[in-house]
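Here is a short briefing to read alongside the model. Keep the viewer open and follow the topics one by one.

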There are 2 protein chains.
Amino acid sequence: MAAEQDVTTRARIRDAAIEQIARRGYSVSVRSIAQAAGVSVGLINHHFGSKEGLREACDGHVLELILTAKRESVAGGALASLAAMSRIEEYAVPVAYCLRCLQAGGSAAARLIDHFVSDARVWIADGVASGLLKPSLDEEARARTLTVMGFGSALLALTLYTADGGDEFSPERLSDFLNHYIAEHGLPMVELYTHGVYAGTDTLDAYLEATGRADQGRTAAAAADPTTSPGGASTAGATAASPQED
Amino acid sequence: MAAEQDVTTRARIRDAAIEQIARRGYSVSVRSIAQAAGVSVGLINHHFGSKEGLREACDGHVLELILTAKRESVAGGALASLAAMSRIEEYAVPVAYCLRCLQAGGSAAARLIDHFVSDARVWIADGVASGLLKPSLDEEARARTLTVMGFGSALLALTLYTADGGDEFSPERLSDFLNHYIAEHGLPMVELYTHGVYAGTDTLDAYLEATGRADQGRTAAAAADPTTSPGGASTAGATAASPQED
DNA sequence: CGCTCCACTGAACGCTTGTTCAGGATGCTA
DNA sequence: TAGCATCCTGAACAAGCGTTCAGTGGAGCG
């Protein structure tokens with residue numbers, strides 16, 4: 001899968017740093033990284049200037065790893081491709097690193113998300129074109145929302161999962177977590193993605209009304225779900241009783 | 001709103017700690033807290049034993065604050081109640097504290113989530129009973145999933161939002177963020193909650209088939225969405241091409 | 001008054017952090 | 001062989017952290 005191994009000391013330090021960060025988070029000390037890499041502390045700063053420089057090198061390398069891995073994998077959404085990757089043992093570390101990256105925030109996290117958003121944009125457009133997915137009133141926003149929801153919920157679940165029982169986060173613990181995550185949230189998510197949760201379109205109508213895009217809403221809703229009667233046959237009342245908006 | 005103010009020095013330290021943690025995260029130093037409270041460092045440990053003790057006192061106090069605030073607010077889902085609370089200026093700090101708590105993980109985060117899950121369970125059951133929400137195959141799992149998705153996506157959005165432009169997180173920045181969050185993700189979320197994303201039920205059927213709950217699935221799906229023909233009239237093919245599962 | 005209890009301070013301790021630097025070791029080049 | 005650049009080490013540095021503790025000051029009380 002990976003190209004010719006980079007066996008320079010610099011690469012060994014970088015890889016050790018990636019694994020340590022994946023295991024223990026961005027706050028891991030350079031001394032731990034040095035020990036894991038089997039080098040002295042000074043050498044790290046000799047090669048990377050500072051801890052920040054090391055982090056940037058790790059970010060860039062992992063992002064590149066993800067890119068090439070995704071280029072090789074045929075298709076699949078953001079989280080699906082991550083889950084698929086984690087099954088391949090050698091990719092558990094970069095996946096965990098990505099989650100740590102999102103956990104820590106910063107520009108690297110923003111770049112990572114942006115990448116997966118533009119990725120989602122593509123396969124959502126494909127899905128809509130092939131009739132697998134319903135169209136949206138705002139495809140751009142939907143791509144971003146689905147990506148943030150997917151990663152955000154996984155990240156929070158991971159934070160809660162990591163909470164009890166040691167902060168160490170070994171690769172096998174990651175696959176444990178993913179199995180746990182899919183077992184717990186798989187059905188409700190597929191259900192949500194298939195049926196939604198609202199019985200009627202009242203909330204959406206009210207939202208479109210409130211934000212002044214009522215007209216495009218009706219037409220788009222009718223186009224999206226032809227089984228819905230275009231009149232007022234939906235359930236009555238309760239326009240402001242939405243559980244998500246008020 | 002709040003009961004009689006607690007003006008003891010111990011309470012002043014606790015409140016200063018809550019605000020500092022809300023602003024700068026759990027990693028804030030006790031010296032910063034001491035300075036913000038206008039006391040010496042030693043006094044904090046005199047009252048709370050250690051930084052961990054201070055954190056527990058803060059966690060408990062904020063949780064209690066949230067509880068009483070929710071008891072006063074009539075209804076609303078988890079995130080909605082948070083958003084509504086943040087509008088009241090005095091509750092911006094505990095809300096931000098909760099997000100920092102979830103960000104940091106640990107048992108306090110788990111307790112917070114558990115609380116909101118059991119909260120969601122109630123209003124979801126109410127919604128199903130009143131016909132506003134569709135029933136689910138697993139109401140318990142759905143309550144947990146919706147809660148984790150709601151908070152997780154908000155938390156990730158916040159992490160990305162906080163990334164650029166200072167780590168300080170003032171109360172007005174929180175309301176800025178919430179406005180930004182709702183403006184960006186409001187429509188796609190309502191859309192998702194209304195229509196889902198899948199055009200057909202193939203993915204759900206395939207998932208139920210794969211997990212061996214096919215029979216309860218068909219009946220429940222038919223009950224949930226009476227417009228769907230119970231036969232095989234849905235779009236053909238592509239049973240394994242789900243963008244979320246593979 | 002003297003005693004005790006309590007809130008409270010400020011300096012210090014031990015520890016870990018990221019960073020720096022003089023110097024040893026190695027290998028290539030003139 | 002001499003010179004030089006590079007890789008690399010280990011000790012030291014300053015700064016920050018949470019924690020500890022001797023000691024001050026004032027209020028309540030016998």
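The surface near DNA strand D is made up of five nonpolar, nine polar and three charged residues. In this classification Ala, Val, Leu, Ile, Met, Phe, Trp, Tyr, Cys and Pro are nonpolar, Asp, Glu, Lys and Arg are charged, and the others, Gly among them, are polar. The model is predicted, with local features needing pLDDT of at least 70 and side-chain atom pairs pLDDT 80 or more, while totals for chains, interfaces and linings use all residues. Residues are numbered from 1 along each chain as its sequence is written, chains are lettered from A and ligands numbered from 1 in the order in which they are written, and side-chain values use heavy atoms, leaving out hydrogens and water.

**Around DNA strand D**

- T9(A), S40(A), V30(B), R31(B) and K51(B) come nearest among the 17 residues around DNA strand D, where a residue is near if one of its heavy atoms lies within 4 Å of the strand.
- Sugar or phosphate supplies 50% of the atoms of DNA strand D within 4 Å of the protein, and bases supply the rest.
- A phosphate oxygen of DNA strand D has a backbone N or O atom of S40(A) 2.9 Å away; a polar contact is a pair of N or O atoms within 3.5 Å, and within protein one must be able to donate a hydrogen and the other to accept it, with residues adjacent in sequence counting only if both atoms are side-chain atoms.
- With four residues, α3(A) gives the most to the surface near DNA strand D; helices (H or I, at least four residues) and strands (E, at least two) are DSSP runs numbered from the N terminus.

**Around DNA strand C**

- DNA strand C also has 17 residues around it, and V30(A), R31(A), K51(A), T9(B) and S40(B) come nearest.
- Of the atoms of DNA strand C within 4 Å of the protein, 49% belong to sugar and phosphate.
- The side chain of R31(A) places an N or O atom 2.8 Å from a base nitrogen of DNA strand C.
- Phosphate oxygens of DNA strand C lie 2.7 Å from a side-chain N or O atom of T9(B) and 2.9 Å from a backbone N or O atom of S40(B).
- The largest share of this surface, four residues, comes from α3(B).

**Aromatic pairs**

- Over all chains there are 10 aromatic pairs, meaning rings of Phe, Tyr and Trp (its six-membered ring) with centres within 6.5 Å, called stacked if the planes are under 30 degrees apart, edge-to-face if over 60 and tilted otherwise.
- Y198(A) and Y193(B) form an edge-to-face pair, because their planes stand at 90° with the ring centres 6.3 Å apart.
- This pair joins two chains, because Y198(A) lies in the loop between α9 (171-195) and α10 (202-210) of chain A and Y193(B) in helix α9 (residues 171-195) of chain B.
- Y198(A) and Y193(B) are both buried, with buried meaning under 20% relative accessible area, exposed over 50% and partly exposed in between (1.4 Å probe, protein chains only).
- F116(B) and F151(B) make a tilted pair, 4.9 Å centre to centre with 50° between the planes.

**Charges over rings**

- The charged end of R55(A) sits over the ring of Y26(A), 3.9 Å from its centre; this requires NZ of Lys or CZ of Arg within 6 Å of the ring centre and within 35 degrees of the ring normal.
- In chain B, R55(B) lies over the face of Y26(B), at 3.9 Å from the ring centre.
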